[in-house]
Amino acid sequence: MAKPGDRSRAATTPALDALDFALDRGSPVPLYYQLAQQLEAAIEHGTLAPGNLLGNEIDLSIRLGLSRPTVRQAIQTLVEKGLLVRRRGVGTQVVHSQVKRPLELSSLYDDLEAAGQGPATRVVRNETVPASADVAAALSLPEGTPVTVLERLRLTHGQPVALLSNHLPTDLLDLADDRLESTGLYRLLRTAGVTLHSARQTIGARSATAEEAARLDEQEGAAVLTMQRTAYDDTGRPVEYGSHIYRASRYAFDFRLLVRP
């Protein structure tokens, strides 16, 4: 009969055997940091998926030829980032990878799908309402004009990542719940013949309200990233105004800065 420790070791084999660790013992970079970086990269690229077990610190130290304190420090680094969790009697388990999204005119759904993050959508609200002053200004409409308002919860691997709120002119396209839950909003716009050309976007941060925290599976007051975006089609018409919040523990904006000559 297999012992509990044998089952733990067996569970780690498929995940860890796919990894080729390159630890440079002559490098000034600490070994714990090298290990943490390579484990984080494996999680981000999907080589280590949510739910994969890495075993306990003794198993990992023996397999990698590292001291137990070195392995413990590497694991703790990723535990603090929310990528790993320690489970008593089981060992170390992958929780999720943080979504790193490029700053460009694209939908969250498309970016998650391209990154292999398994996006899913839950429609919270889909109705027609009079445009408030700020929505009307963003969409270049008279205040009170009927607009479509959408609220959707975006998930990856079954875990919430973002709460999305969008306002659109009512004459753009059919936005049935089943269509919204099967793909991304920008993909639906493209299918309807809307050519997205540019956008104005503002990024910020604040604390989650009680309602937001409940939807995002966070504690009230947890840090969230915010984004407001107005997207325009190729004629310059505003076609979408979005006000979104993202879990800071699971989401980051990724962009490249160039020096102006």
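Residues are numbered from 1 along each chain as its sequence is written, and side-chain values use heavy atoms, with hydrogens and water left out. In this predicted model, local features need pLDDT of at least 70 and side-chain atom pairs count only at pLDDT 80 or more, while totals for chains, interfaces and linings use all residues.

**Stop 1: the sheet**

Helices (H or I, at least four residues) and strands (E, at least two) are DSSP runs, numbered from the N terminus. These 6 strands make an open sheet, ordered 5-6-7-10-9-8, with antiparallel pairing. Two strands pair if DSSP finds at least two bridges between them.

Now colour strand 5 (119–130) and strand 8 (196–207). They stand at the edges, each with a single partner strand, so one side of each is left without a neighbour in the sheet. From one strand to the next, the twist averages 15°. Axes here are lines fitted to C-alpha atoms, for helices over the stretch in contact, and angles run from 0 to 180 degrees between N-to-C directions.

**Stop 2**

Zoom to strand 6 (residues 146–156). It pairs with strand 5 in the antiparallel sense over 11 bridges. Pick Asn 126: Leu 150 in strand 6 stands opposite. Pick Val 129 next: its bridge partner in strand 6 is Val 147.

Strands 6 and 7 run antiparallel, joined by 10 bridges. They form a hairpin with 2 residues between them. Select His 157 in that turn; its phi is positive, about 50°.

Is strand 6 mostly covered or mostly open? Mostly covered: 9 of its 11 residues are buried. Buried means under 20% relative accessible area, exposed over 50%, and partly exposed in between (1.4 Å probe, protein chains only).

**Stop 3: Ser 165**

At 16% relative accessibility, Ser 165 counts as buried. Show what surrounds this serine. Not counting residues up to four places away in sequence, Ser 165 touches Leu 150, Glu 151, Tyr 241, Gly 242, Ser 243 and His 244. Contact means heavy atoms within 4.5 Å.

**Stop 4: salt bridges**

How many salt bridges does a search of the whole structure find? It finds 7. The criterion is a side-chain nitrogen of Lys or Arg within 4 Å of a carboxyl oxygen of Asp or Glu.

Start with Arg 206 and Glu 212, whose side chains meet at 2.8 Å, N to O. Arg 206 is partly exposed at 35% relative accessibility. Glu 212 is buried, with a relative accessible area of 14%.

Move to helix 9 (residues 210–216). Glu 211 bridges to Arg 215, with the closest N and O atoms 3.9 Å apart. The two are 4 residues apart, so about one helical turn separates them. Glu 211 is exposed at 55% relative accessible area; Arg 215 is partly exposed at 33%.

Next, select Arg 247 and Glu 218. Their closest N and O atoms are 2.9 Å apart. This pair links distant parts of the chain, 29 residues apart: Arg 247 sits in strand 10 (residues 238–247), Glu 218 in the loop between helix 9 and strand 9 (223–233). Arg 247 counts as buried, at 7% relative accessibility. Then show Arg 125, Glu 127 and Glu 151, which salt bridges with shared partners join into one network.

**Stop 5: the nonpolar cores**

Select Phe 21, Leu 35, Leu 39, Leu 48 and Leu 84. They have the most contacts inside the largest nonpolar core, which has 20 residues. A nonpolar core is a set of buried Ala, Val, Leu, Ile, Met, Phe, Trp, Tyr and Cys residues joined through side-chain atoms within 4.5 Å.

Helix 2 (31–44), helix 3 and helix 4 (68–80) each supply at least two residues of this core. Helix 2 gives the largest share, 5 residues.

Centre on Phe 21. Leaving aside neighbours within four places in sequence, Phe 21 is in contact with Leu 35, Gln 38, Leu 39, Arg 63 and Leu 64. Apart from this core lies another, of 15 residues, among them Leu 150, Leu 168, Val 194 and Val 239.

**Last stop: helix 3**

Select helix 3 (residues 57–64), whose buried residues are Glu 57, Asp 59, Leu 60, Ser 61 and Leu 64. Just after this helix, Gly 65 takes a positive phi of about 70°.
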